[in-house]
Amino acid sequence: MDKLPLFSDYKFRLPFLAKEPERLPNGAMLTLFCDKDAEIVRLEFVFRNAGSNNQQKFFTAAASANLLTEGSGDMSGVQMADKLDYYAASVEKSVDRESSSIVFYFLKKYSMQVLPLIELIIKQPRYSEKEFEIYRNRQRQSFELNSSKTSTMAYKAFYQSLFAASNPLSRFGKVEDFDLLCPSDVRKYYDEFYSCRECEIYLAGNFTDEFVSQIESRFGSKPWGKDSSQLPNHSFETLSAHAETLFVHKDKAAQASIRSGNLTLLHSHEDFMPLKVLIALFGGYFGSRLMTNIREEKGYTYSIGSYITTYRNCSVLSTTADVNSDKAEATLKEIDIEIEKLQNDLVPQQELTMLKNYLLGECLRGLDGVFDLSEKYSIIRRSGYSLSYYDDMQRAISQTTPCQLRDLAQKYLVADNMSKVVVCDTASARE
């Protein structure tokens, strides 16, 4: 094969993201991403601390966000849905461990008609008993289905092997916890974490100065929400890795779900970006070592991957795979073999060039247009990343060498430091 050209040899610059948001008079933050050629507007509200880590009862954080559109002001959930449909507007709601995000998409020509509805949704949720019961029953059914999956069981057992019981990252709700939740709990959580002082607003697309002024007037002039947010005093205690693989039995499981990994570098560490390059080489894309060996050559699984999940106070390196139960232990051995190769051998330049081209291409693809820019900027802000995150990532991709990757593997990719969890029918796994 001829030598691959390196993507970074071609001159390009990533879009500019190192911008500071505007602080509005009531404490809310506003950031604009304008594109006069777009016909769609994206309006996101992020509530910095409205994640599940801060809930007193399980499922409160998700219910507080998901029920925002199920009745607001004097409108029922059905009436609100009909109004949004009439103006071709859509809503996406998400809640993670640390924050919540409410995203609205709508046509520019209906901006002024949709904005009052958005204000009702954000500021005046009803949390009625009727809508709450419908939501709770639907979520309970979904939870029971997902909880029985080996992948879900492996995720929970893996995190509980890394974090102490007092750490919110190790706590997971049970189906009976739905019965303990009531509308007043949801309302209390909303009052604590949904206010102007907790809010960051991201506006992207084709919008007028008048529309921006309306946002500033409705969401940034006078205080709204209760100013009583007080974060719980969390323990962030962690545990040492298990010496042996933890097998969790799931009767008659058709497959084995594997999780292995450990706590790793915070995003502020100088080696974090080069480590992300190493993890991509190890298991972060289709041409990675794990995919090539365990999927393409061995045929043990359809998909296997490694990635780093970052939180404000820690980061977790995970390798995940679903395999036939009788191949679980063999898969774990192959993972260790690939780790050993990265620790001892220099990655061939051709392979590294292909990886760099892929990663640089992903950087560009992920910042293609103002909607992507707004979304990535929102993630950077709420995760506490540096605003130079993508520039730092581009630099690390371009400059990382085979020797550096080997050194990083010896320091941070160590099989003996990893917790390993397998959820399967243990009888089948060891036949």
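The buried residues of helix 15 pack against strand 10, helix 9 (272–284), strand 12, helix 11 (328–344) and helix 12 (349–365), where contact means heavy atoms within 4.5 Å. Helices (H or I, at least four residues) and strands (E, at least two) are DSSP runs, numbered from the N terminus. Helix 15 itself spans residues 402–412, and its buried residues are Pro402, Leu405, Leu408, Ala409 and Tyr412. Here, buried means under 20% relative accessible area, exposed over 50%, and partly exposed in between (1.4 Å probe, protein chains only). These five residues cover an arc of only 120° around the axis, so they lie on the same side of helix 15; the arc is that of the directions from the helix axis to the C-beta atoms.

The model is a predicted one, in which local features need pLDDT of at least 70 and side-chain atom pairs count only at pLDDT 80 or more, while totals for chains, interfaces and linings use all residues. Residues are numbered from 1 along each chain as its sequence is written, and side-chain values use heavy atoms, with hydrogens and water left out.

Helix 8 can be described in a similar way. Its buried residues include Phe211, Val212, Ile215, Phe219 and Gly220. Because they cover an arc of only 120° around the axis, they sit on the same side of helix 8. The face turned away from this buried side carries the exposed residues Asp209 and Glu210. Among the elements that cover the buried residues of helix 8 are strand 2 (29–34), strand 3, strand 7 (100–107), helix 3 (111–123) and strand 8 (199–205).

Together with Phe45, Phe47, Phe104, Tyr127, Tyr190, Tyr194 and Trp224, Phe219 forms one aromatic cluster. The charged end of Lys123 sits over the ring of Phe219, 5.4 Å from its centre. For such a placement, NZ of Lys or CZ of Arg must be within 6 Å of the ring centre and within 35 degrees of the ring normal. Arg295 likewise lies over the face of Tyr302, at 4.7 Å from the ring centre.

Across the whole structure, a search finds 26 aromatic pairs. Rings of Phe, Tyr and Trp (its six-membered ring) pair if their centres lie within 6.5 Å; planes under 30 degrees apart count as stacked, over 60 as edge-to-face and the rest as tilted. One of these pairs joins Phe47 and Trp224 edge-to-face, at 6.3 Å centre to centre and with 85° between the planes. This pair links distant parts of the chain, with Phe47 in strand 3 (residues 40–47) and Trp224 in the loop between helix 8 (209–220) and strand 9 (246–249), 177 residues apart. Both Phe47 and Trp224 are buried. Tyr159 and Tyr311 form another edge-to-face pair, at 6.5 Å centre to centre and with 85° between the planes. Tyr159 lies in helix 5 (residues 150–162) and Tyr311 in the loop between strand 11 (301–310) and strand 12 (315–323), so the pair ties together parts that are 152 residues apart in sequence. Tyr159 is buried, at 2% relative accessibility, and Tyr311 is buried too, with a relative accessible area of 11%.

Turning to the strands, an open sheet of 5 strands has the order 9-13-10-12-11, with mixed pairing; two strands pair if DSSP finds at least two bridges between them. Strand 9 and strand 11 are the edge strands, each pairing on one side only. On average, and with direction ignored, neighbouring strands of this sheet are turned by 15° against each other. Within the sheet, strand 10 (residues 256–264) and strand 13 (residues 419–424) run antiparallel and are joined by 5 bridges, and the bridge partner of Ser260 in strand 13 is Lys420. Helix 10 (residues 289–297) packs on the sheet, touching strand 11 and strand 12, and its direction makes about 155° with that of strand 11. Axes are lines fitted to C-alpha atoms, for helices over the stretch in contact, and angles run from 0 to 180 degrees between N-to-C directions.

Strand 2 takes part in two pairings. With strand 1 (residues 22–23), strand 2 pairs in the antiparallel sense over 2 bridges, and Glu22 stands opposite Leu30. The two strands form a hairpin with 5 residues between them, and Gly27 in the turn has a positive phi of about 105°. Strand 2 and strand 8 run parallel, joined by 6 bridges, with Glu200 in strand 8 as the bridge partner of Met29.
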